[in-house]
Amino acid sequence: MASAEEERLVRALAPHIHGGEAAARDAARGLPRELHLICKHIGAEGATAIASHLPPTLQELDLVANGIGAEGARALASHLPETLDKLDLGPSSREVLDRGR
């Protein structure tokens, strides 16, 4: 059974991922330590939607090829847990984050 934390993230992600709730549940399998959403094209809206639902124990977040742009990167930045060891937003978002410093 999924935790309440995982359920909240799945509900936030489902409208923004191709495949809806089933795809969101599949992506959330690694929680609470890992969330890999490679090539899911969630966009800035999806990144913003999940930002406040990232578990405090998250160690890896991979959002390569999602087109989150500056808006999505900024939304995530304020919600990244201190436990995060690996963050990959893809090349275009890395440039946005570097310029935003």
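Here are some worked exercises on a predicted model, each with a solution in steps.

**Exercise 1. Find the salt bridges**

Task: work out how many salt bridges there are, and which side chains meet in them.

Solution: 
- Start with the rule: a side-chain nitrogen of Lys or Arg must lie within 4 Å of a carboxyl oxygen of Asp or Glu.
- Now try Glu7 and Arg25, whose side chains come to 2.8 Å, N to O, and so form a salt bridge under the 4 Å rule.
- Next take Arg25 with Glu21: here too the N to O distance is 2.8 Å, and the pair is a salt bridge.
- Then look at Arg29 and Asp26, which form a salt bridge at 3.2 Å, N to O.
- The count by this rule is three salt bridges.

**Exercise 2. Sort residues by exposure**

Task: decide whether Glu7, Arg25, Glu21, Asp26, Arg29 and Glu82 are buried, partly exposed or exposed.

Solution: 
- Keep the cut-offs at hand: buried is under 20% relative accessible area, exposed is over 50%, and partly exposed is in between.
- Glu7 has 21% relative accessibility, so Glu7 is partly exposed.
- Arg25, at 30%, is partly exposed.
- Glu21 has a relative accessible area of 44% and is partly exposed, and Asp26, at 41%, is partly exposed.
- Arg29 reaches 65%, so Arg29 is exposed.
- Glu82 has 83% relative accessibility and therefore counts as exposed.
- To find Glu82 in the model, look in the loop between α4 (69-77) and β3 (86-88).

**Exercise 3. Find the buried face of α2**

Task: which residues of α2 are buried, and how are they arranged?

Solution: 
- The buried residues in α2 are Gly20, Ala23, Ala24 and Ala27.
- Looking down the axis of α2, these buried residues fall within an arc of 100°, so they line one face of the helix.
- Finally, ask what covers them: α1 and β1 (34-36) are among the elements that do.

**Exercise 4. Read the sheet**

Task: give the order of the strands in the sheet and how they pair.

Solution: 
- The sheet is open and has three strands, in the order β1-β2-β3, with parallel pairing.
- β1 and β3 are the edge strands, since each pairs on one side only.
- From one strand to the next, the twist averages 5°.
- Look now at one pairing: β1 and strand β2 (residues 60-62) are joined in the parallel sense over three bridges.
- Within this sheet, Leu35 has Leu61 in β2 as its bridge partner.

Methods. Residues numbered from 1 in each chain as written. Predicted model: local features only at pLDDT ≥ 70, side-chain atom pairs only at ≥ 80, totals over all residues. Heavy atoms only, no water. Buried < 20%, exposed > 50% of the residue type's maximum accessible area, 1.4 Å probe, protein only. Helix = DSSP H or I, 4+ residues; strand = E, 2+ residues; numbered from the N terminus. Arc of directions from axis to C-beta. Contact = heavy atoms within 4.5 Å. Pairing = 2+ DSSP bridges. Axes fitted to C-alpha atoms, helices over the stretch in contact; angles between N-to-C directions.
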